[in-house]
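Me: I want to go through the salt bridges of this model. Please keep the answers brisk.

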Amino acid sequence: MFFDSFRRAILSRRGTRGPLAALLVLLAFAAPAPAHAIEPGDLTLTVTPDLPGGAQPYAREMVLLRLRGVYRTQILLEEVRQPALVNFSWTQLGRDNWGRTRMPDGQMALEFERTIAVFPQHTGTFTIEPFVHRLTINDNGERKQIDVRSEPVPFPVAAWTGASGGPDTAEPWWLPARDVAITDSWDPDPETLNQGETARRIVTLEAQGMLAEGLPPRPVMRTRGIITFAGPVKRETIITPSGPVARATYQWDIKKGVAEVIPLDAIKIPWFDTLTRTLRETEIPARQIGGGLADRAEDLKEAGPAAWSALAAAALAAFGLGLALIGFRTGPGWLQLDRGQARALRLAAASGDASAFRTVLGRAAQAQPDLAALWQAEPDLARDLAALDRQVFGPAASGAGSVDLPGLARRLGRRRRRGTSAALAPAPRLAPLDGPVAQA
C-alpha cells in the first residue's frame, strides 16, 4: 500500500521521465510478494511449434517455436537456458516480451514470451529438449531461485514424396520459403552495348522464412558471344518479427564479344511455398544484349511491306555510298540531303507516318533552302509534295489520297545540280523587301 501511494505521488509530478520511471518499474518487480507459498500452477513454461496448416515440416524449412511463461509471483532476476538444439539451426526473433495476463481464476500474473525460428537439417523424428527459465523470486519474503522447465516436444520432419526435387537432391536447389522475390538491374542497359563494351548485372534474391546460408549459389550465366566475369556474392539475414528474411546479391560483369544481337535466356529458380505446400517457380528475367530497344512489343512484330521498302531504301543508300567511295562524290556544283536527314526520311516512310515524314522534310527544307527550291522546280515532285501537304494538313473528309512515302523519300534523296532551278522555278510572287534589284 505504501509503495502504491509512493508510486502514484511520483508519477503525478510533471516531468517524470527516463531513469526515474525505470527505477519505479524495477521497484515494482522487486516489491515483496503477498505472504503465500508458491503452489503448483503458479509457474509454467510452454514451448509450442507453429506449423503452417498443422503439416509436418520438411528439412531446412522454418518452424517458429513460441515460448510462453506465466508466473504468479514477483521476479527479481531471470535467465533462459536453451537446449543444444542438435540437428537444428536457429535464430531468435527480436527481444523477449514481458507483460501481464489474467489467470483463469481472475488473478493477474506476469507473462513472458520469446520466439525462436528453427530449421531442421535432416529428415527424421527429433525432440526439442526442455527449455529452462531460471527465476530468482521473492517467495513469502524469502529470496529463492527456481528452475521452471518446459516439456519435451516431439518434432517429426517429413520425407519428401514429390516426383522431383526435395531436400536431399543436389539439383534443383532446395529453397523452402514463404515468398521469393527477384530484382534485376543493369548498368548500362544491355541493349545499348556494342561489341567490346561491358555492363554490370546485379541480381538480388530475397526469400522470406530462410537464413542467408540456405540460399542457392550464384547461378551460371553463360551464352555464346559474351564473356562473363563473376563478382563476389553478398549474403545477409534480416530479422523481422514474423521470421528471418534471407538476401543474396549476385554480380556479373558481362562483355559483348560479337557484333550481332545476343539473346540471354531466363534462369529459372524453383522454390517450395511453405504456406500453400506447393512447388513454385520464379526466374531471373531474359534480356537482350545489343540491338537497341528491340524487346518492345511493337518492334517484335513481323515486318510488313513498309519494312521491305525501308530495306530497299537502305540498299540504295549503301549503293550510293559505295559510288562515293570509288570516286563519285557530291562536289561544289551539286546539292543533296545530308545522311542524317535522308535516313530520318527513310525511317518515317518505312513506318508509314506521313506527319513524321512531313516534319523531317520541313526541317530539311529549312536547312537547305536551295535544295528545296530544286524540288519545287520538278513538276512531278512538286505535285507529290503538294499531295503530301493535303494529306497531312487537309481536313479529314477531303478525300486526299495517300502518298507513296518510300518512293518520295528515294526521289528526295537524289543529288541535284545547282542552278537548274533558275530556268524552271516560277518567278517570286512578292517583290524583294529592300526594293527592286538594280540592273548591272
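This is a predicted model: local features need pLDDT of at least 70, side-chain atom pairs count only at pLDDT 80 or more; totals for chains, interfaces and linings use all residues.

Me: Is Asp389 buried or exposed, or in between?
Reply: Buried needs under 20% relative accessible area, and exposed needs over 50%. Asp389 has 29%.

Me: Which residue forms a salt bridge with Asp147?
Reply: Asp147 lies in strand β9, residues 142-149. The partner lies in strand β8, residues 132-139, and is 13 residues away. The closest N and O atoms are 2.8 Å apart. The partner is Arg134.

Me: Where does Glu378 lie, given its salt bridge with Arg416?
Reply: The two side chains meet at 2.5 Å, N to O. Arg416 is in strand β22, so the pair ties together parts 38 residues apart in sequence. Glu378 lies in the loop between α6 and α7.

Me: Is Arg416 buried or exposed?
Reply: The cut-off for buried is under 20% relative accessible area. Glu378 has 30%, so Glu378 is partly exposed. Arg416 has 8%, so Arg416 counts as buried.

Me: How many salt bridges does a search of the whole structure find?
Reply: Some residues are linked in a network: Asp380, Arg383, Asp384 and Arg411. The pair Asp147 and Arg134 is another case of a salt bridge. The search of the whole structure finds 21.

Methods: Residues are numbered from 1 along each chain as its sequence is written. Side-chain values use heavy atoms; hydrogens and water are left out. A salt bridge is a side-chain nitrogen of Lys or Arg within 4 Å of a carboxyl oxygen of Asp or Glu. Helices (H or I, at least four residues) and strands (E, at least two) are DSSP runs, numbered from the N terminus. Buried means under 20% relative accessible area, exposed over 50%, partly exposed in between (1.4 Å probe, protein chains only).
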